[in-house]
Amino acid sequence: GDALRGRLKQGSEQRLLILARIRSLDERMNATMKQIDKKIKPGKQSEYDGIDSEIAGIEYKRNTSAGLTLNEEKKMLRKMKDLGKRKDELEGYLKVDNKIKEIRAEKDREYESLNTMDKIQSELTRALKRLDIAKLWGDSAADVVERELVVPEETISQVVGRQGANLKVIESECRVTIDIDRARDNRRGGRSKDANKDEPAGGAPATARVT
């Protein structure tokens with residue numbers, strides 16, 4: 001039990017560190033996105049890579065075409081200048097865009113670590129609960145099992161009872177502990193307005209975890 005509690009504590013500390021890193025990455029992301037010049041048209045690396053060859057093609061045509069008029073040559077020179085300017089713009093844009101992609105990839109890795117940590121913490125919590133229940137009833141942890149039951153919304157109040165009275169009776173007589181998962185219900189509007197009824201509101205079924 002003490003070992004599990006120690007691992008849970010260590011996991012909680014690691015989780016806080018991950019969340020702190022995610023917040024730091026969010027700050028970096030916001031600061032980096034502000035570096036993007038909104039006047040610049042977004043572009044891709046392929047466009048940037050193709051500008052030099054496009055300029056070279058115009059230059060070759062200008063040098064090898066016979067009978068170019070002065071106006072035609074000015075248009076070519078202007079096009080080459082515009083392409084050079086576009087390349088400079090894209091260079092700055094892509095540099096910032098790549099930084100953003102790197103930060104997003106780093107955030108994805110941190111969220112993966114967070115999800116893994118949450119799963120580990122959940123398993124440790126359940127294991128610790130089984131140990132506590134086994135100790136309470138004088139059984140071994142191996143004899144403690146866990147089951148999940150979906151309870152229809154229209155019957156959940158009967159299962160729970162006023163201020164959890166029915167749950168307490170069931171737990172005592174059946175030597176179990178019951179956790180009602182209201183996460184789905186909370187997303188739909190929270191608990192019942194009646195503070196004396198410990199039941200979910202919103203119509204979605206609840207999950208009863210029986211150990």
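A residue is called buried here when its relative accessible area is under 20%. With that cut-off in hand, we can start with the whole chain: this is a predicted model, and of the 211 residues of the protein chain, 27% count as buried. The accessible surface comes to about 14600 Å², and carbon and sulfur atoms hold 50% of that area.

Next, let us look at how the chain is laid out. It has six helices and three strands, and their order along the sequence is α-α-α-β-α-α-β-α-β. As for contacts, if you take those in the chain with a separation of 6 or more, 72% join residues 24 or more positions apart.

Now let us step inside. In soluble globular proteins, nonpolar side chains tend to be buried together. In this model, the largest nonpolar core has nine residues: Tyr 48, Ile 51, Ile 58, Met 76, Met 80, Leu 83, Leu 90, Tyr 93 and Leu 94. Two elements, α2 (45-64) and α3, each give two or more residues to this core, and α3 gives the most, with six.

Arg 86 sits in helix α3, which covers residues 70-137. Is Arg 86 buried or exposed? Its relative accessible area is 12%, so it counts as buried. Beyond residues up to four places away in sequence, Arg 86 touches Ile 40, Lys 41, Pro 42, Gly 43, Glu 47 and Ile 51.

Further along, helix α3 also holds Glu 110. Here the relative accessibility is 11%, which means that Glu 110 is buried under the cut-off of 20%. Which residues does Glu 110 touch, not counting those up to four places away in sequence? They are Ile 18, Arg 21, Ile 22 and Leu 25.

Definitions and conventions: Residues are numbered from 1 along each chain as its sequence is written. This is a predicted model: local features need pLDDT of at least 70, side-chain atom pairs count only at pLDDT 80 or more; totals for chains, interfaces and linings use all residues. Side-chain values use heavy atoms; hydrogens and water are left out. Helices (H or I, at least four residues) and strands (E, at least two) are DSSP runs, numbered from the N terminus. Buried means under 20% relative accessible area, exposed over 50%, partly exposed in between (1.4 Å probe, protein chains only). Contact means heavy atoms within 4.5 Å. A nonpolar core is a set of buried Ala, Val, Leu, Ile, Met, Phe, Trp, Tyr and Cys residues joined through side-chain atoms within 4.5 Å. Accessible areas come from the Shrake-Rupley method with a 1.4 Å probe; for residues, only the protein chains shown count as cover.
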